[in-house]
Amino acid sequence: MELVRTYSVSTILVPTSISKTQLTKPNFLNFQFNPIPSSRLLRIHGKTSSKSKLFTISPSPSSVSTDSIGPPEPEVEVETKGEKFDWYAQWYPLMPVCDLDKRVPHAKKVLGLDVVVWWDRNESEWKVFDDTCPHRLAPLSEGRIDQWGRLQCVYHGWCFNGSGDCKLIPQAPPDGPPVHTFKKACVAAYPSTLHHDIVWFWPNTDPQYKDIILKKQPPFIPELEDPSYTRTMGNRDIAYGYDVLVENLMDPAHVPYAHYGIMRTQTPKVKVDREGGRPVVLSVKKLDINGFDGDQEWGISKFIAPCIFYAYTKPLENQGNGAASSAGTRKERKIMDAGPANWQKACFVPTKSDALVVGFRRWLNKYAGGEVDWKGKYSGALPPTPPREQLMDRYWSHVVNCRSCNAAHKGLNALEVVLQVASLAFVGIVAATKQNVMSLAARNTMIAMAVVCFAGSKLLAHFIYKNFHYHDYNHAFR
């Protein structure tokens, strides 16, 4: 799966075996909820031989229950008194700031909420608003930041400051009543903060949460502030449901198979097949409403509900990006077809390698009722499965939202045009020049250059398509 640097699935780096001589540094996976498939990935590289990665992901909606899952061992589950997880009393990551352009508003969707992220230069802060103009409900994300630093609606030009107050209604007479000051003219503003160079927001606009940052902060991940690490960040949208995607990221046993030939794993002492799969011993500790801790052969993992999962691991050197796969969407549909309470009846999970997945299903079932609380914004029905080319698309799922990839894409497209123009120019020069003016050697050189430029443009076009648009992956031919 191709998580990020790109989202139909992203780059996931989970080693399945370790060396005792390797240093230990953590891998972080960070998920975010979005009824429209969407993923954000943060990659962190440690200096020296250790590495660490953080992935931020926003999956599409799903409502799978796990009533039939057997309870974990008694000592690993904390007794609670009917606690219910509140999905709307948490901080959610929206986007790494490296991929946010301060000049324009950005549309995002989390928990079925359409929000707009924009830079308020008057307060020097990122703001998160309801992506709806109170006038005629146009999306504010399609507007602009005006010369006074206000968010302007594209439809009728209404302008809002960083608090959501309406500062201008162009259609209102200047000598008439100040209708822009009415409460109904204001746009709902969500609490937001910049944390670990990621914009986070609190999905509740009730005034009582205005200063929620003073009472509850987003999860702190020490490695993101560790100067011994360097960081590269990216994002990708993925056509996965929340539960299926979290399962995938908690499952290191799939890496040798689903990512064969793309992500390198350590070869086991005894190979039972080409890919080198082997027993993976995982276990869940201290499961409660806030998530759970997990033990792995190579370190410790932690799930902080609902959107953080990280694992301290000993990563392998020279591992590549994962390949996108359409298997997850088909899997999600089969689980839905089996029924909301039949996850473990539909799936046979007899080995310890699935312990974290079972632990997550247990948490989702016990504390969240087996599904995300969409507050009526999602019916529970899965959308039609898109074509493979759309499902594994890279351009719309990542490139347009990634500053570096978007710049590279534009630059390579420009180079392709230059090569095509150069090819035509060489041919034109040869055709327009009389034979007695240009020597045979010069003429042949011009023709050869035209061929080289034309061939180069075709090869570059293929490279652009493969790396920035769509690259198929067939496990049978790896």
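Phe 201 is in contact (heavy atoms within 4.5 Å) with Gln 90, Trp 91, Tyr 92, Leu 94, Val 110, Leu 113, Val 115, Val 128, Tyr 190, Pro 191 and Ser 192, leaving aside its neighbours within four places in sequence. The model is predicted, so local features need pLDDT of at least 70 and side-chain atom pairs count only at pLDDT 80 or more, while totals for chains, interfaces and linings use all residues. Residues are numbered from 1 along each chain as its sequence is written, and side-chain values use heavy atoms, with hydrogens and water left out.

- Phe 201 lies in strand S14; helices (H or I, at least four residues) and strands (E, at least two) are DSSP runs, numbered from the N terminus.
- With a relative accessible area of 0%, Phe 201 is buried; buried means under 20% relative accessible area, exposed over 50%, and partly exposed in between, for a 1.4 Å probe and protein chains only.
- The C-alpha atoms of Phe 201 and Ala 189 are 10.0 Å apart, and these residues are separated by 12 residues along the chain.
- The largest nonpolar core has 54 residues, and Phe 201 is among those with the most contacts inside it, together with Trp 87, Leu 94, Tyr 242, Phe 303, Phe 360 and Trp 363.
- A nonpolar core is a set of buried Ala, Val, Leu, Ile, Met, Phe, Trp, Tyr and Cys residues joined through side-chain atoms within 4.5 Å.
- A second, separate core of 15 residues includes Leu 140, Leu 151, Phe 160 and Val 187.

**Strand pairing**

- Strands S6 and S7 run antiparallel and are joined by 6 bridges; two strands pair if DSSP finds at least two bridges between them.
- Val 117 has Val 128 as its bridge partner in S7, and Val 128 in turn has Tyr 190 as its bridge partner in S12.
- S7 also pairs with strand S12 (residues 189-190) in the antiparallel sense, over 2 bridges.
- The hairpin of S6 and S7 has 4 residues between the strands, and Ser 124 takes a positive phi near 55° there.
- Elsewhere, 4 strands form an open antiparallel sheet in the order S8-S9-S10-S11.
- Strand S8 (144-145) and strand S11 (166-168) stand at the edges with a single partner strand each, so one side of each has no neighbour in the sheet.
- In S11, Cys 166 is the bridge partner of Phe 160.

**Charged residues**

- The structure holds 11 salt bridges, a salt bridge being a side-chain nitrogen of Lys or Arg within 4 Å of a carboxyl oxygen of Asp or Glu.
- Lys 127 and Glu 125 form one of them, with their closest N and O atoms 2.9 Å apart.
- Lys 127 is buried at 11% relative accessible area, whereas Glu 125 is partly exposed at 39%.
- Glu 123, Glu 125 and Lys 127 are linked in a network of salt bridges.
- Asp 146 and Arg 150 meet in a salt bridge at 2.9 Å, N to O, and both residues are buried.
- Asp 288, in strand S16, is buried yet has no salt bridge, and the nearest side chain of opposite charge, Lys 286, is 5.0 Å away.
- For such charges, Lys and Arg count as positive and Asp and Glu as negative, while His and the chain ends are not counted.
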